[in-house]
Amino acid sequence: MNKNIRIIGLSSHIDHKMIEGGVNWLTGQGFNVSIDDQVYSKHFQSAGTVNERIGALHEAYSDPNVDVILISCGGNGAIHLLDHIDFDLIKNNPKPIVGFSDMTIILNAIHAKGGNNVFHGPTATQLARPISDDQMNQFLNVITGNNPSIRWNDCSVTNKKNTSGISIGGNLSVFQTVLGTPYLPQDDNIILFLEDVGDEISRYDRMLAHIRQSGLLDRCSAILFGDFHAANNPARVPFGKTMDEIIADITSDLKIPIITGAPFGHRGQLPTFPIGQTCHLNFEDNCVTLSFDND
């Protein structure tokens with residue numbers, strides 16, 4: 001393939017052993033992999049200071065020998081980079097950038113500011129685990145310029161009808177933080193995808209209510225809910241509702257497809273979604289197919 005992948009860290013720091021398996025897999029697929037030294041920097045929990053992380057991002061976009069930018073891991077802290085990013089540099093040097101979790105805020109901001117080639121997908125640590133063969137192959141296809149369709153069986157669907165829209169979203173708790181900022185994508189006919197892990201179910205309820213009250217859901221042509229794993233805090237009064245009940249209440253008056261139980265998230269399945277591209281949703285029998293235009 002002879003493509004050059006640069007690994008950078010925009011959130012938490014990691015040990016080199018955490019990405020060793022992912023790097024070995026990528027080199028085995030024929031990629032040339034370089035790791036910015038910044039990935040291993042430590043500034044509190046972050047992979048270096050804001051300036052170090054911004055420097056790594058800008059260097060990766062500026063270097064003509066870098067074909068693909070892969071994020072090392074998720075964690076915390078990417079939100080502090082937003083006001084320092086040179087979005088014109090990114091827009092004028094388009095190349096695929098892939099990450100998820102805390103990277104949700106950066107990926108959607110790049111799209112909101114006119115960038116493209118933005119993908120919600122595996123980090124270097126996820127590739128070290130690895131995810132399923134089908135999704136590893138889909139990741140490879142995406143970063144080499146193809147957009148293969150994604151096919152899911154056994155999702156639950158309300159208001160089943162074929163539709164299209166611009167895909168945005170990612171981790172719920174991170175995505176919620178862009179509401180009311182210049183970094184929220186302003187598309188209409190949105191296909192919104194959301195997942196989360198490790199928070200309390202009452203907080204998921206509050207986050208989704210906030211998104212609903214912001215008016216964003218009224219701009220959606222479909223909403224896809226992936227894996228939501230809730231932490232159990234025995235000291236709390238039980239919230240009572242399940243995640244499916246929360247989603248049903250929040251979306252009850254929307255006349256658009258609502259997909260729940262979709263196989264994507266932190267705990268296993270992780271397909272590579274384009275952010276800011278036209279997504280087509282098609283329903284046949286018990287299958288949901290997502291296909292994407294190369295916008």
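Author: F193 is buried, because its relative accessible area is 2%; buried means under 20%, exposed over 50% and partly exposed in between, with a 1.4 Å probe and only protein chains counted. The model is predicted, so local features need pLDDT of at least 70 and side-chain atom pairs count only at pLDDT 80 or more, whereas totals for chains, interfaces and linings use all residues. Residues are numbered from 1 along each chain as its sequence is written, and side-chain values use heavy atoms, leaving out hydrogens and water.

F193 in strand β9 is the bridge partner of G169. Helices (H or I, at least four residues) and strands (E, at least two) are DSSP runs numbered from the N terminus, and two strands pair if DSSP finds at least two bridges between them. Strand β9 covers residues 190–199 and runs parallel to β8, to which 6 bridges connect it. Strand β8 itself, residues 163–171, is mostly covered, with 8 of its 9 residues buried. It is also joined to strand β13 (residues 278–284), here in the antiparallel sense and through 4 bridges. In that pairing I166 faces T278 of β13.

The whole structure holds 9 of them; rings of Phe, Tyr and Trp (its six-membered ring) pair if their centres lie within 6.5 Å, with planes under 30 degrees apart called stacked, over 60 edge-to-face and the rest tilted. One of these pairs is W25 with F139, which is tilted because the planes stand at 45 degrees, with the centres 6.4 Å apart. Its two members lie 114 residues apart, W25 in helix α1 (residues 17–28) and F139 in helix α6 (residues 133–143). W25 is partly exposed at 21% relative accessibility, while F139 is buried at 1%.

The pair made by F193 and F264 is edge-to-face, with 6.1 Å from centre to centre and 75 degrees between the planes. F264 belongs to the loop between β11 (258–260) and β12 (273–275) and F193 to strand β9, so the pair ties together parts 71 residues apart in sequence.

A nonpolar core is a set of buried Ala, Val, Leu, Ile, Met, Phe, Trp, Tyr and Cys residues joined through side-chain atoms within 4.5 Å. The largest such core numbers 72 residues, and I97, I106, L192, L224 and L290 have the most contacts inside it. Strand β10 (residues 220–230) contributes the most to this core, namely 6 residues. Leaving aside residues up to four places away in sequence, L290 touches W152 and F273, and also S149, I150, L224, C279, H280 and L281; contact means heavy atoms within 4.5 Å. A further core of 23 residues lies apart from the largest one and includes I14, V39, V68 and L70.

I106, named above for its contacts in the largest core, is among the buried residues of α4. Helix α4 spans residues 104–112 and has 8 of its 9 residues buried. After α4 comes G114, with a positive phi near 95 degrees. Across the protein, buried residues account for 54% of the 295 residues.
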